[in-house]
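Hi everyone, thanks for coming.

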Amino acid sequence: MHVPDGFLDAPTSVATGVLAAGTVALALRRAQDELDERTAPLAGLTAAFVFAAQMINFPVAAGTSGHLIGAVLLAVLVGPWTAVLCMTVVLMVQALLFADGGLLALGTNVTLMAVVAVGLGYGTFRLLRAVLPASRPGVLAATFAGAFLSVPAAALAFVGLFSVGGTDVPLGPVFAAMGGVHLLIGLGEAAITVVVVGSVLAVRPDLVHGGQHLRTATSLQDRRVEPSAVTR
């Protein structure tokens, strides 16, 4: 998923850089509402996990490989705006220290993995969470769908950028490679994301941003029980 330098022309790279910079600037302001003394350490730990997980590639098909993006994992655990910031930091470190993704393509990579993947993936999660039962399985089902769709969405966004400012490689093979392979990668992304989010929900549900409604429901149930307990 990491786009190297030279895949897109200068105008397209500049446009994605401007979009990425604007989104990060907005995230710097909005993330203040998501972070507190409890969730800030989790944001750091989750970003470190995503950084390490993105460095591990697994075989998919036809000699290609994939890796975890972690967009929905970050967004569900610490909130979408904080997820944008965490993903941007991860991509900057990878580009500067490991040459994973081009420096001139940093704006493109932030657009694909921090803007498109987080935005569409978390939007899908919120939409499904609103219609599914307010329960742990409901949260995990919404997480699975959001994480799965975030991968092909980012891949297809790259194809769209490539159709506008790509090199001389024919668009058809690029679309086939990015679309088909990333559907398989999306399944792996969804499975890993559900395992991690489910593990945190099991031990510390109060830390999961996407499970706040579960805490509210639990608190209301406790309040309804308290009067009868006092009467006895």
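Let me begin with a term: helices here are DSSP runs of H or I with at least four residues, and strands are runs of E with at least two, numbered from the N terminus. Helix 3 is followed by G79, whose phi is positive, near 105 degrees. Before we go on, keep in mind that this is a predicted model, where local features need pLDDT of at least 70 and side-chain atom pairs count only at pLDDT 80 or more, while totals for chains, interfaces and linings use all residues. Residues are numbered from 1 along each chain as its sequence is written, and side-chain values use heavy atoms, leaving out hydrogens and water.

Now, is helix 3 mostly covered or mostly open? It is mostly covered, since eight of its eight residues are buried, where buried means under 20% relative accessible area, exposed means over 50%, and partly exposed lies in between (1.4 Å probe, protein chains only). Those buried residues are A71, V72, L73, L74, A75, V76, L77 and V78.

What packs against helix 3? Two packed helices are described by the angle between their axes and the distance between the axes. The axes are lines fitted to C-alpha atoms, for helices over the stretch in contact, and the angles run from 0 to 180 degrees between N-to-C directions.

Take helix 5 (residues 106-131): helix 3 (residues 71-78) packs with helix 5 at an angle of about 60 degrees, and the axes are 8 Å apart. That makes helix 3 oblique to helix 5; under 35 degrees counts as roughly parallel, over 145 as roughly antiparallel, 65 to 115 as roughly perpendicular, and the rest as oblique. Their crossing is right-handed, meaning the near helix is turned clockwise from the far one by less than a right angle, with anticlockwise being left-handed. On the helix 3 side, the contact (heavy atoms within 4.5 Å) is made by A71, V72, A75 and V76, and on the helix 5 side by M113, A117, V118, G121, Y122 and F125. By class, this contact has nine nonpolar, one polar and no charged residues. Here Ala, Val, Leu, Ile, Met, Phe, Trp, Tyr, Cys and Pro count as nonpolar, Asp, Glu, Lys and Arg as charged, and the others, Gly among them, as polar.

Next comes helix 4, which packs with helix 3 at an angle of about 135 degrees, with the axes 7 Å apart. Helix 3 and helix 4 are therefore oblique to each other, and their crossing is right-handed. A71, L74, A75 and V78 of helix 3 meet P80, T82, A83, C86 and M87 of helix 4. That contact divides into eight nonpolar, one polar and no charged residues.

Follow the chain to A99, in the loop between helix 4 (80-98) and helix 5. Its phi is near 55 degrees, a positive value in a residue other than glycine, and A99 is exposed, with a relative accessible area of 66%.

Let's finish with rings. How many aromatic pairs does a search of the whole structure find? The search finds three, where rings of Phe, Tyr and Trp (its six-membered ring) pair if their centres lie within 6.5 Å, and planes under 30 degrees apart count as stacked, over 60 as edge-to-face and the rest as tilted. One of them is the tilted pair F158 and F162, 5.8 Å centre to centre with 40 degrees between the planes. Both lie in helix 6 (residues 136-165), four residues apart, about one turn of the helix. F158 counts as buried at 5% relative accessibility, and F162 counts as buried at 6%.
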